[in-house]
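Hi,

Here is the structure I said I would pass on. Have a look at it first, and then read on for what turned up in it.

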Amino acid sequence: MAIEQIKMPQLGESVTEGTISKWLVSVGDKVNKYDPLAEVMTDKVNAEVPSSFSGVIKELVAEEGETYEVGQVILTIETEGGGEAAQEAPSESKAEDKAEAAPSGVAPSAPAAPISADAPKGVRYSPAVLKLSQEHGIDLNQVTGTGGGGRITRKDLMKIIESGDIPTAAAAASAPAPEKTEAPAPAPSQPAQKQAAPAPNVPVMPGDVEIPVTGVRKAIAANMLRSKHEAPHAWTMMEVDVTNLVEYRNSIKGEFKQKEGFNLTFFAFFVKAVAQALKEFPQINSMWAGDKIIQKKDINISIAVATDDALFVPVIKAADERTIKGIAREINDLALKVRTGKLTSAEMQGGTFTVNNTGSFGSVQSMGIINYPQAAILQVESIVKRPVVMNNGMIAVRDMVNLCMSLDHRVLDGLVCGRFLQRVKEILENTSKENTTIY
């Protein structure tokens, strides 16, 4: 017999953690390879984690509702094998025992709750908690946990970060401090931080409906908060005259639908224009990576597709190499998969730039939150007829659309973004029957 480990899978390129929403097995259950073990949710997808082995469930290491980093052990399985009898579960208080207990051929993983160097003896924190506390300077000794046994969870820290009141060592300056050489005392001029504010007490009146924040909505909230907190957002907008595009599309949409079997949407023209401009301005197709900026070679356009209670971001791969027809087909296929629950995690990986069709709801101006860790997002607003003063001084009714771009100012500056939008505008305004082909 041997003990094998199932770890939190990576369900997307920028996904670093997942939440166990529901266990589908219990300790003692016999499972076959590829049987579903748990439902996991991230900011990008809800998915089932399949078993990599056949055997009997030994231990459910992870807890429902808790968030774990990619690569953390969430479950162990006792399998039939040529090895010796299954080893005893490693002691929770010794991380080195867990490494020794790993069966041959399986790389030992980090324990689910390693000991922090700054933690009091016997206190253990998860990697996600340690990472957040270090990034935001949170003194974990001043945080009250809401997890099992008073354990501090990632949700506890996200709540503190969202409030803006970070408990640091300065807040405990009046208390006797233990002797430490690693962390110098804060400068006298630094003001002490306020204690974290409690959650707002919202009165519930008769007729009010309480909607629990669970599942995909929690994951979306966490990713949006991370994007706004880490990326310094800037915003710019440009208006585009798409009268010729509208006339061209409307003149061929009926024939196209009859021939191809799906709709030729305006959005396909916008995605194609963006993909072409990204090829000419590769700086926009970049990501922030801490000590460096990664300029991506592939142009993979993320598009937002909404359901009644969630938002999914599937990816059109190699969009610059596709025709308008090819992009229209991909948009149709991906949207259908989202709405029928057939979208896979692989179809949401690899995005380098996001184009959001906010105009489908009638919006004419909006500021999108960047799809982390991408460097920018473009909102395509509603096409509306407006009176416009032409170059000859005459007033004409034209089809106009606003393109609204949010950018990560660590990666991009206004000059390159302005030139990028000018190029998108130029492509769209020159789209017509005479100089544009959809095939």
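Let's start with helix H8, residues 414-429: its 16 residues reach 22 Å from the first C-alpha to the last, close to the 22 Å expected at 1.5 Å a residue. That expected span is 1.5 Å times one less than the number of residues in the helix. Helices here are DSSP runs of H or I with at least four residues, strands are DSSP runs of E with at least two, and both are numbered from the N terminus.

Before going further, please keep in mind that this is a predicted model: local features need pLDDT of at least 70, side-chain atom pairs count only at pLDDT 80 or more, and totals for chains, interfaces and linings use all residues. Residues are numbered from 1 along each chain as its sequence is written, and side-chain values use heavy atoms, with hydrogens and water left out.

Back to H8. Its buried residues are Val416, Cys417, Phe420, Leu421, Arg423, Val424, Ile427 and Leu428. Seen down the helix axis, these buried residues fall within an arc of 155 degrees, so they line one face of H8. (The arc is taken from the directions from the helix axis to the C-beta atoms.) On the other side of H8, Gly414 and Leu415 are exposed. By "buried" I mean under 20% relative accessible area, by "exposed" over 50%, and by "partly exposed" anything in between, with a 1.4 Å probe and protein chains only. What covers the buried residues of H8 includes strand E9 (233-241), helix H5 (243-260), H6, E16, E17 and strand E19 (395-408).

What about the core? A nonpolar core is a set of buried Ala, Val, Leu, Ile, Met, Phe, Trp, Tyr and Cys residues joined through side-chain atoms within 4.5 Å. The largest one has 60 residues, and Ile284, Ile301, Phe353 and Phe420 touch the most other members. Helix H6 (residues 266-280) supplies the largest share of this core, ten residues. Apart from it lies another core of 17 residues, including Leu11, Val31, Ala38 and Ala62.

If you click on Ile284, you'll find that it touches Leu278, Phe353, Ala375, Met405, Leu412, Val416, Cys417 and Phe420, leaving aside residues up to four places away in sequence. Contact here means heavy atoms within 4.5 Å.

H6 itself is mostly covered, with eleven of its 15 residues buried. Among them are Phe267, Phe269, Phe270, Val271 and Leu278, and also Lys272. The end C-alpha atoms of H6 are 22 Å apart, which agrees with the 21 Å that its 15 residues should span at 1.5 Å a residue.

Now the sheet. Four strands form an open sheet in the order E1-E8-E6-E3, with antiparallel pairing. Strand E1 (2-7) and E3 are the edge strands, each pairing on one side only. Two strands count as paired if DSSP finds at least two bridges between them; E1 and strand E8 (residues 73-79) have six, in the antiparallel sense. To see one of the partners, look at isoleucine 3, which bridges to glutamate 78 in E8.

A few backbone spots are worth a look too. Most residues other than glycine have a negative phi, and most peptide bonds are trans. Where does this chain depart from that?

- The peptide bond from tyrosine 372 to proline 373 is cis, with omega near 5 degrees. Proline 373 is in the loop between strand E16 (353-356) and strand E17 (376-380).
- Tyrosine 34 is not a glycine, yet it has a positive phi of about 80 degrees. It lies in the loop between strand E3 (30-31) and strand E4 (36-41), and it is exposed, at 62% relative accessible area.
- Alanine 318, also not a glycine, has a positive phi of about 50 degrees. It is in the loop between strand E15 (315-316) and helix H7 (324-339) and counts as partly exposed at 24% relative accessibility.

Finally, the whole chain. Its secondary structure comes to eight helices and 19 strands, and buried residues make up 44% of its 439 residues. Among contacts with a separation of 6 or more, 63% are between residues 24 or more positions apart. The chain exposes about 23600 Å², of which carbon and sulfur atoms supply 52%; accessible areas come from the Shrake-Rupley method with a 1.4 Å probe, and for residues only the protein chains shown count as cover.

Cheers
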